[in-house]
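I wanted to see how they pair up and what sits over their faces.

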Amino acid sequence: MNNPRFAALGLDHRHIYGMSQGMIDAGAELAGWWTEGEPQPVKGFVKRFPDAPRIQDLDAILNDPSIALVLIACRPDKRADLAIKAMRAGKDVMVDKPGCITLDEVARLREAVRETGRIWSVNFSERFEVPAVTVAAKLVAEGAIGTVIHTTGLGPHRLNAPSRPDWFFNAATYGGILTDIASHQIEQFLHLTGNEDAEITLSTVGNFANPDHPEFEDFGTLALRSGTAQGFIRVDWYTADALPNWGDGRLFITGTQGTIELRKYVDVDGRSGDNHLFLVNKDRCEYIDCADAELPYFSELLVDMRDRSETACPQSRTFRVCELAIQAQALATRT
């Protein structure tokens, strides 16, 4: 597949920037974009990709045989239907997380994949767009810390409430904090422990700092286990103003012979930049700068489109991560 073409559909979330740039960097061509209305991320998208035309007719994109892939970042409750429509039009799909927000949507997406043979990939950006996780996964695969028995994933975010659309504060349209953010950490747990299934053992949600949006959840936790491995996840919207970026995301990986800590986006009052990794095992106690490590997801997705393979992320895992996040949301105790 030489220079495959893709289109961006639904510019309601700024994750579409990284999704599009990742595909361009992997060698794909941005053919154009479509969205309903004028959501806030449109201006930033046009600034980043000024040569990409806006296409007013969605069907013109879906019926264009030269466009092999569509990227979807519309409102979360609309993503499943748009993805199904695109797959039935013969397109492979990359969708922003959450890829869907109900178990019924998961079932319909599974059926669409079976019917069409198309790829439905969710861009879990906290792994796929973070070089430090690439390095950590390689170290784990090499046995640097033995068998992984626990992960702790922390996903704090900056709220920036005035810039958020109304749908962002309504669980019926964005899915809830665990369905949304925690899907990242669930996928990392499965990937790093080598498991493809897990059980939710605890989940909680709460709203402690946003009384003006009573239906919104600004805090969530969950625990899960699979075989001998266990995991804990905490996500929130409490990033304080003084932090120089949107969140101090961290990942702690405990193995039988060592530990790995990732400071993905910032090392508070420490080293500059991002993608910091700390490894401790029986032979090594060191810091690794991962800023220049590869991000294989996007190029692997192109390979999968060409070969109909599953190197970027197994299709079954993508579905199971969505199911687990939705289940955790449904089971959550509101505190």
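I began with burial: buried is under 20% relative accessible area, exposed is over 50%, and partly exposed is in between (1.4 Å probe, protein chains only). I'm working on a predicted model, where local features need pLDDT of at least 70, side-chain atom pairs count only at pLDDT 80 or more, and totals for chains, interfaces and linings use all residues. Residues are numbered from 1 along each chain as its sequence is written, and side-chain values use heavy atoms, with hydrogens and water left out.

Next, ring pairs. I took rings of Phe, Tyr and Trp (its six-membered ring) as paired if their centres lie within 6.5 Å, with planes under 30 degrees apart stacked, over 60 edge-to-face and the rest tilted. I got 18 aromatic pairs in the structure. One of them is Phe 45 with Phe 49, tilted, at 4.8 Å centre to centre and 55 degrees between the planes. Phe 45 counts as buried because its relative accessibility is 0%; Phe 49, at 8%, is buried too.

I then looked up Phe 278 and Tyr 287, a tilted pair with 5.3 Å between centres and 50 degrees between planes. Phe 278 has 17% relative accessibility, so it counts as buried. Tyr 287 has 27%, so it counts as partly exposed.

I also found a cluster: ring pairs link Trp 167, Phe 168, Phe 169, Tyr 174, Phe 216 and Trp 237.

Last, charges over rings (NZ of Lys or CZ of Arg within 6 Å of the ring centre and within 35 degrees of the ring normal). Arg 271 lies over the face of Tyr 287, 4.0 Å from the ring centre. Arg 48 lies over the face of Tyr 17, at 3.9 Å.
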